[in-house]
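Have the sequence and the coordinates at hand and follow along.

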Amino acid sequence: MATTSLSAVYLLPCSKFTSSHAHSFSQIPLHIPSFPNCKTLKSKSLRTISFALTESSDSPKSLDPDPKILLQELADCFVLPADFFKQLPSDLRLDLNDAAFDLSNGTVKDECGEDLGQTLLDISRAWEVAETSTSAALMSKLPQLVGSLTGNNKSALGKRLVSASRRFQAMGQYGQGELQMIAKVMNKTGKLLSASPASEVANEESKQETKVLKFGELQVELTPEKAYIGAGIGFVFGILSWKVSQGIQSIPESSLEYANDNALLLAKSLRGVLLTMFYGSTILSAFASVGLVLLGGQLKQKDK
């Protein structure tokens, strides 16, 4: 009966579908299968979506360690025996001096700020004279200074740390691996700081190449004006050297009168040495002047 009534429902048009048929249709037991795994699938889907949202919310920046913590870890790496740096071999001392140069070369105070720049200069001097305890004391100041730095200052500090870390890494294994630990932590800290956002003005300034000459503790930044001034000084020095050499050459050898032949031979030798020296100074001054003029023109074009 149920089968016959159900067939009638499908065969009769809608207009002939009476209430009696509806009553018969309502009496038909409909068995809708249940899915016991439906709740399980739903819960798994919710957990998956929740995990995806949690994973997306945890961006890499939120997982980055605090620069202050890394700088403190770096400062702890420099807590070494008192004579550690002084006991380094000569080739490793040279690498340490190169690391000091990379840490503080150029306009360090302008790039990193007055306080941090002065601290980096002091650290470099401590490395150059192999003062281990002084270096450790100065490195302990970095975590305290990082909080007051701008994004530009942090980026500049990070680049200097990365550059100096390569020098420590080049020292290889020494002692208990202290130098390699310094290189590892310094490189990690430098990369984190160098990724700090910088303003557009700082990006433009970083694109401009700054040439710096270093003579011991004296650092001279090359600018077009300084290059032209150096060329002028070289030109004047060349003229003076030329005049002196001409004055020496104008003295005839026949006018040299000495007590004996040995003194005469010595005077002639001295005359030849002076002529060679002043003529050489003239030539070198000419080359230096021309080179500085070309360098000044090159720097001027880059500034434009």
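**Entry 1: the whole chain**

I began with the surface: the accessible area of the protein is about 20000 Å², and 60% of that belongs to carbon and sulfur atoms. The areas come from the Shrake-Rupley method with a 1.4 Å probe, and for residues only the protein chains shown count as cover.

A note to myself on the source: this is a predicted model, where local features need pLDDT of at least 70 and side-chain atom pairs count only at pLDDT 80 or more, while totals for chains, interfaces and linings use all residues. Residues are numbered from 1 along each chain as its sequence is written, and side-chain values use heavy atoms, with hydrogens and water left out.

I then looked up the secondary structure and found 15 helices and 2 strands. Both kinds are DSSP runs numbered from the N terminus, helices being H or I with at least four residues and strands E with at least two.

Of the 304 residues, 28% are buried. Buried means under 20% relative accessible area, exposed over 50%, and partly exposed in between, with a 1.4 Å probe and protein chains only.

I also checked the contacts, meaning heavy atoms within 4.5 Å. Among those between residues at least 6 apart in sequence, 72% join residues at least 24 apart.

**Entry 2: helix H8 and what follows**

How far apart are the end C-alpha atoms of H8? I found 21 Å, which agrees with the 21 Å that its 15 residues should span at 1.5 Å a residue. The expected span is 1.5 Å times one less than the number of residues.

I listed the buried residues of H8 as Leu116, Gly117, Thr119, Leu120, Leu121, Ile123, Ser124, Ala126 and Trp127. Their cover includes helices H6 (90-104), H7 (108-112), H9, H10 (142-145), H11 (151-170) and H12 (178-194).

Most residues other than glycine have a negative phi. Ala130 sits in the loop between H8 (114-128) and H9 (132-139), and its relative accessible area of 1% makes Ala130 buried.

**Entry 3: the aromatic rings**

I counted 6 aromatic pairs in the structure. Rings of Phe, Tyr and Trp (its six-membered ring) pair if their centres lie within 6.5 Å; planes under 30 degrees apart count as stacked, over 60 as edge-to-face and the rest as tilted.

Phe78 and Trp127 form a stacked pair, because their ring centres are 5.7 Å apart and their planes are at 10°. Phe78 is in the loop between H5 (67-77) and H6 while Trp127 is in H8, so this pair ties together parts 49 residues apart in sequence. Both Phe78 and Trp127 are buried. I noted too that ring pairs link Phe78, Trp127 and Phe168 into a cluster.

**Entry 4: helix H5**

Which residues of H5 are buried? I wrote down Leu70, Leu71, Leu74, Ala75 and Cys77. Seen down the axis of H5, they fall within an arc of 155°, so they line one face of the helix. That arc is taken from the directions from the helix axis to the C-beta atoms. The cover over these residues includes H9, H10, H11 and H12.

Ala137 is in H9, and at 42% relative accessibility Ala137 is partly exposed. Its C-alpha atom is 8.6 Å from that of Val79, 58 residues away along the chain.

Ser140 is in the loop between H9 and H10 and, at 32% relative accessibility, is also partly exposed. A polar atom of the Ser140 side chain lies 2.4 Å from the backbone oxygen of Ala137. I found 7.7 Å between the C-alpha atoms of Ser140 and Asp76, which are 64 residues apart along the chain.

Last, I looked up Ser245 in H14 (residues 224-249), which is buried at 0% relative accessible area. The Ser245 side chain reaches the backbone oxygen of Trp242 at 2.7 Å. Beyond residues up to four places away in sequence, Ser245 touches Leu275, Phe278 and Tyr279.

Technical notes. A polar contact is a pair of N or O atoms within 3.5 Å; within protein, one must be able to donate a hydrogen and the other to accept it, and residues adjacent in sequence count only if both atoms are side-chain atoms.
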